[in-house]
Amino acid sequence: MKLVRKIYNYAIFTGVLLFAASCEDYLDINENPNNPVDAPLNGLMVNTTFETAQNTYRLGSTTSNYVQYLASPNQASSSDIMDDLSFNNTWSNLYNAMTDLNDMILEANETGANHYEGAGQILMALNLAMTVDAFGDVPFSEGLNFETLTPAYDDDQELYTQVFEYLDNGIANLSQETDLPIDEDDFFFEGDTDQWIKLGNMLKARYLNHLSKTGEYSPEEILAAIDNGFESNEDDAQVVYFDEEYNPWAQVAIDNENLLLGGWISEQFIEATDGTTFGVEDPRISYMISKDTIGGEYIGVVNGAGRGSAAEQYSRSTLEVGDFYSSELSPLLIATYAEQKFIEAEAAFEIDKSRSYNAYLDGIRAHMTKIGVEDSEIEDYISDDAVSMGEGNFTIDHIFKEKWVALFLHPEAWVDARRYDYSYDNFDLPENLNPDLNNQFIRRLRYPDSEVSRNRSNLPDVTLLDRIFWDE
Amino acid sequence: MKNKISLIAFLAIFQITTLFAQERTITGQVTIESDGMPLPGVNIVVKGTNQGAVTDMDGNYSIEASDGDVLVFSSIGFETREIEVSGDSEINITLTEDLEGLDEVVVTSFGIEREKKALGYAVQEIQGEDITQTKQPNIVNALQGQTAGVQITNSGGAPGQSARIIIRGVNSLDPGADNQPLFVIDGVPIDNSTTESGSGNTPRGLSNRAADINPNDIASMNVLKGAAATALYGVRAANGAVIITTKKGKAGDVQINLSSSIGFEEVNQYPKIQDTYGQGFGGEYDPNSFWPNWGPSIDEIREIDPDAEINNIWKDAMRTGVQFDNSFNISGGNEKANFYASVSNLDQEGIIPFSEWGRTSARLNGELIFSDQFKVAGNMNYAISGGNRVPHDRFMERLVYNTPMQDINDYINEDGTMKSIGTNTNPIYDARFSTFEDEVNRITGNLKFTYSPFEWMDVNYLIGTDYYTDSRTEITPGPLGIEGEVPLDSQGFITETRISSRDINSNLFVTLNKSWTDKLNTTLRIGNDIFERDYERVDATGTEFVIPQFYDLSYTSQLSNSQDKRKRRLVGLYGDLLVDYDSMLFLNITARNDWTSTLPIGNNSFFYPSVNLGWVFTEAVEVPDFLSYGKLRGSYAEVGKDTDPYKIGQTYTAPSVYPLGGQVGFTRFEEYGDLGLRPERTTSIEFGTDLRFFENRLGVDFTWYKSNSKDQIIPVPISETTGFSEFITNAGEIENSGVEFIITGTPIHTEDFRWDVTLNAAYNQNEVVSIREGIEQIEVGSQFGYVGSTVTQQLIEGEAYGNIFGSSYERFGADENSLHLNEDLPQVIGENGFPVRNGDQLILGNSTPKWIGGLKNDFSYKGFDLSFLIDFRTGVEQYNQYDMFFSAFGIAEYTLDRNDTKVFEGVLEDGSPNTQQVWLGQGEGPDGRDYGAGFYRNSHRTVSENFVHDASFVKLRNVSLGYNFQDGILDAIPFESARISVAANNIILYTPWDGFDPESFSAGAGGNATGFSGLGYPGVQSFFFTLNLGL
């Protein structure tokens, strides 16, 4: 028996040895076949340009109700009444985009792909500024690279300094030669470096202009940036959508057509363009939104009031497939020549009023051309006294009003609205306003629930009425 | 018992005894004490010799023995007696039935049978008839209320819908962890995963894979609870194991059994709803309004529209479910071979229209005994299961939006388009056309070779496979192309999902038995265990059908697809030593080392031991007569745990939107896996006692346990600003401790009548001991509520698993540091006269029951038998999402006070009592004040506290009455046996919960967010009629 035991022990011991040797190979199968460890630069470029467009839409879908382009067909809808909503999805997509840009910039830097690095920096500036403009202080310096589990919140003003650094560095990187040019993986410009540089300058102008209420405001610097910015609508930064993936505003219109209601136009926008508020009918209205097919008129919904007893279909103006902003393959506008012209008008207003006035008119023209308005209609509109009031009667209000029309559905409109303290003509608080706002307009988005639960210790204590640094 | 006999036989054969005394012949008769019937087949041995005899058919025996010898009488199912020979030549004795009887042998790891009394840990075995009696098509449900410390929860009442099984609490901080035990059939583990319809898709109530098993094939199920019981299955059984033994043929005549049953089911509880107020808003009637119930009362509506009526669309939309279950089996064999073969079919239609599920299975079990040394057994099962899974969540939600002033069943126009009121999708139309069909084809099988070259040695090799494909087709039609239609989807889509999963288990073990003395025996088992799972899933989605109603991927305008491949391997070496001293003291030591493919090499080998001790003290010390058997037991065990494949490091992924314009985009994957990931470790200790009184008429089994799982591998949810949203790392510890009682009794036992009672109850206490520095909480899940009434389930250090967080009413004098809502404090009433809402997330309840248990009663009288099973849970709260919708939409019965004026009870900021009168209605109140959307929409629906309710229940889970035809009738019909029975499930539900059966929850069996009752498939009650025939 003892011998048998011994033999067994020996056999097992040998078995264990043999096993240990073969085991390692047998178990070495944990390399992920589904996800690669490295991402190609062009793959990151595809995703970041696309997601930047998507983020513009995501923020726009919220802010468009705040600036009353759109209104909910349902009464007291949270989106209209400026409720205390948690925008987890928008937040996480903004950070996803910045994370991918972070990786793209680092990888491009390592491999000497300076154009990718530069474009990445410009896109980073864009996404970071969108985030700050919506949320104020946000994590960044300790973020993106997994340095800590709970990144601290950086001061919003500090972050703007970084936005400008990214833009400057981006422009510098793009201005050099490269061995690894950007190609069709770039949904903005298909690798056209000059256009990227112009975008960098245009964005510089945009973000400098955000500082209008602050002591930092420098119209000269803005105008200098504009000189190197867009030269025509051809330069616009935009993503044209795909057969595989429709423009998200088109999707809203399609869904609405199928009674998943959305994309209803605010009465504010209708009245501003149909002649009610300003006494001039804006031809753009027919290129942007639908008429109700019952009475053949443009009818809007009062924000917060809902559609009342109106039918859910063909009773109010909505986004519709076929229009400039909401067709399947429409471009999603990120930064336009028209917007730049209005920035120029605003910056030049105090310095060089005639430059300002001309830029204002050019801005209107650029936008009208962009969305396909007939030349004759453009001239009719421009020549109307309400539009061409002459340099003497020309005020900052005219710039804000026309810029508001030209930024249709764009989140920049909410930045303007806050800088302008929502003082557009005839612009009222929504009905059934969130009572916490004490009859004031919303000034920021609240931090999303995900941050509340995962990064609570760092979370700044703010309300919807606390302002972003440039709004104070 | 069996082992004891063989031990005696062993002694009888090998022990050499010298005999000096004068031998003579002793004769006598052995009878059964309770009824005096003669007992054949009793073994009689002269103690300490190899001399033996067996009683004949009349219980008579004859044996050679001398004065002073001790005769040992033993028989399976009876207590062993010893009688000393003292001059008499005739010894007649009676034997007492042993209530533990045949179930004393239980099946443990790898299908090894062990004497229950030899075990140092708690086990509880359920017999096949107790499973089929419940009429549950899903074997997991069949365990409901029957085993102590085992919590079974139906995720809903859909046909084939998954049921969740948790043993002794949740052991993982990972919200995505499957905390369910390993399922083992005939020694080989099988897959019991639940693959839900996927995130972003509406819930469909899919099946857990154990539902593929035909309950009629089961001989017994045994739940191994502690880590001690499962040390030999390794990592995969870290949450316990359910050991299933299927039926096998017996030597003798061929037996044929037929069973046929029909069942009907209905919703067992509806929420209380109001039927006074109709469509409109602000008390104004509008037949096109989005609002189904904020209009005026039906009396006022009838002044405008005399034909108007308010229907109970909830009841109208449901139907009576029907199920048919037919099964057939044949078995038989001889000394050399035996077999069991079965075929069964189950078809079930659920209470929500168009929900259905079915299962067809065929099994063949066989065993060939070539010689004393070599035998082979094989089991094979083929099953097809699946059905149409309706979008129940959407169905229930849409009932909220649909006006009750319509006939909800009038949902389709003649041209096939949907009839809808307002903008609403009719839920029945959706259930009919938004189909989700699954079909699982599954083969499970194993072969077991046993070679016994020597008396003291067995070599076993078990190899088994579990292979299935799960084909799923989800179709949502687009527009049919008919003018004016309201389509279900603007484009329509088809998703084809193909899952294939293959498990292979190989297990080689050698068993060595040795008797050191006649009192000391040892069994040593050493073995090697290899597991591999190869899994692949492919999804293809086509959007926008080119030809309406022609549903094929090839004819869609946009295609997208995805693929997921996974492979996992585990290798284990184990040893198991059992020491048995005098059938009184049992010591069991196990040790195991596992190597896994899923952890970083270097960290992927882990060792864990266990030890347990059982002491049958009634064999050792004098005890009072009323105590017939007593055992103390204790165990200590560790078990390691690995993780899923591919969790380590940082990767990139291509989002499903690509390719776009021929380009594929990449994004950083949201998870980051710790490069130094180590195995988790669970340590558990357990003490218990098993006592039998009054000749085994009363039994008490008590267990205390505590288990700690440390170094958990969890995806810690981290701020997305870090660049990841989850960090997979070793963090945290969770502790479960509790007690379990099992009380069994036979209060009455006469010749014709017998009453057996089993009561089990278990208390579990859970604590999240730690998480990780810097991480305050882990979200297990969240469920939507309007305007800040969304609730979450969070894990927080020092608190229990299952806490539900949400908004509440502000309390006067509340402790600002307390996470718990103190409901006893007065509510703070604001300047506007309404209660002040507190948006801080406080703990409003906990969804893990404190106590669970069941009471089973079996009565038999001649041919009749009656049994009923009651089960209960207490100390449990859930979020009632329906109630939130019912408040927001004025459906709940309590919203009948919508036009009342009241003074809210509570205090003002300064502590003085509130006296302000307010109106609850919408618009301008009687006091001229504008109340906007009214109390329910402005306030009530926004406070989670209003919807977190006590979800305790007591259920009459099953009652069944059967009659076995007796000889007189059987003689007249061509059957050996015949039985008819009626059964009812869940016919009594006693619960404080207002709503559908609180047992349904949203997450499905694989999910851990059990606090959200959501818009689940309503629970049901059912009635069955069954006929069994034997040939």
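Which residues is Arg398(B) in contact with, leaving aside its neighbours within four places in sequence? The structure is a predicted model, in which local features need pLDDT of at least 70, side-chain atom pairs count only at pLDDT 80 or more, and totals for chains, interfaces and linings use all residues. Residues are numbered from 1 along each chain as its sequence is written, while chains are lettered from A and ligands numbered from 1 in the order in which they are written.

Arg398(B) is found in helix 7 (residues 392-401) of chain B; helices (H or I, at least four residues) are DSSP runs, numbered from the N terminus. Apart from neighbours within four places in sequence, Arg398(B) is in contact with Asn424(B), Thr425(B), Pro427(B) and Asp430(B). Two residues are in contact if their C-beta atoms, placed from the backbone, lie within 7 Å. Between Arg398(B) and Asp430(B) there are 9.6 Å in space, C-alpha to C-alpha, and the two are 32 residues apart in sequence. Arg398(B) is buried because 23 other C-beta atoms lie within 10 Å. A residue is buried if 20 or more other C-beta atoms lie within 10 Å of its own, exposed if 12 or fewer, and partly exposed in between.

Chain B is divided into four domains, with bounds from an automatic or database domain assignment. Domain 3 of chain B covers 280-309, and domain 4 of chain B covers 777-801 + 803-846 + 877-950. Their C-alpha centres lie 28 Å apart. Six residues from domain 3 of chain B and six residues from domain 4 of chain B make up the contact. On the side of domain 3 of chain B that touches domain 4 of chain B, three residues are nonpolar, three are polar and none is charged. Ala, Val, Leu, Ile, Met, Phe, Trp, Tyr, Cys and Pro count as nonpolar, Asp, Glu, Lys and Arg as charged, and the others, Gly among them, as polar.

Between the chains, 66 residues of chain A are in contact with 60 residues of chain B. Helix 3 of chain A gives the most to the side of chain A that touches chain B, with eight residues. That side of chain A divides into 27 nonpolar, 22 polar and 17 charged residues.

In helix 7 (residues 219-227) of chain A, the buried residues are Ile222(A), Leu223(A), Ala225(A) and Ile226(A). Seen down the axis of helix 7 of chain A, these buried residues fall within an arc of 160 degrees, so they line one face of the helix; the arc is that of the directions from the helix axis to the C-beta atoms. Glu220(A) and Asp227(A), on the other side of helix 7 of chain A, are exposed. The cover over the buried residues of this helix includes helix 6 (193-209) and helix 11 (337-348) of chain A.

How values were computed:
Helices (H or I, at least four residues) and strands (E, at least two) are DSSP runs, numbered from the N terminus.
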